[in-house]
Amino acid sequence: MATACDLSTLLICLDGLTPEQIEKHGRDLYAELYLNHGHFGLHETHDGETLVFHARQFEHAFYTTSDYRVHPDRKDILRPSSIQRIHWIGRLVSGQVPGSACFLIPSQPATRRPPKRLYAAFSHPYVVWLEPRSDSGWKFSTAYPLSIEEIHNYTRGGRTIWKRK
């Protein structure tokens, strides 16, 4: 089992940086931390399954939409709060965060897609989403701060597959 980790000690300070500097810093950190094979990276989840990170996933993971009603899938606004927590992704999925859990969340029935994994940290409400890969293992999708209530809403109907005390 991995060593315990206090997430608050891993926050990145972005004070005084412009949005452009925050984005560059975020991209650089993402590459340094997660892309250990050029444009992709291979890591492991808490239970030893393969986890793949892709360079192109940065936009989806660290941006949000300016208009959920009209353009729910358009990602056009950088989320500095996600950049600040970039170190949390690896720590959470590797099982190092006390008070965290991993859930298997069924996809919408109409999509017929396999379930996703949701890692949740409850002490500092935050989630990491992984999508299944067709050839086994998982791929990183996104990560962001989320309220406890919203985490519970996401996990309703899902199955807990792991908890760390």
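**Sheet, helices and cysteines**

Modeller: L51 stands opposite W138 in β8. This is a predicted model: local features need pLDDT of at least 70, side-chain atom pairs count only at pLDDT 80 or more, and totals for chains, interfaces and linings use all residues. Residues are numbered from 1 along each chain as its sequence is written, and side-chain values use heavy atoms, with hydrogens and water left out.

Colleague: In which sense do β2 and β8 pair, parallel or antiparallel?

Modeller: Two strands pair if DSSP finds at least two bridges between them. Strands are DSSP E runs of at least two residues, helices H or I runs of at least four, numbered from the N terminus. β2 (50–54) and β8 (138–145) have two bridges, and their sense is parallel.

Colleague: What is the strand order of the open sheet?

Modeller: The sheet has seven strands with mixed pairing. Its edge strands, β1 (40–44) and β9 (159–164), each pair on one side only. The order is β1-β2-β8-β7-β6-β5-β9.

Colleague: At about what angle does α4 run to β7?

Modeller: Axes are lines fitted to C-alpha atoms, for helices over the stretch in contact (heavy atoms within 4.5 Å). Angles run from 0 to 180 degrees between N-to-C directions. Helix α4 (86–93) lies across several strands, including β1 and β2. Its angle to β7 (126–132) is about 65°.

Colleague: Is C102 buried or exposed?

Modeller: Buried means under 20% relative accessible area, exposed over 50%, partly exposed in between (1.4 Å probe, protein chains only). C13 is at 56%, so C13 counts as exposed. C102 is at 0%, so C102 counts as buried.
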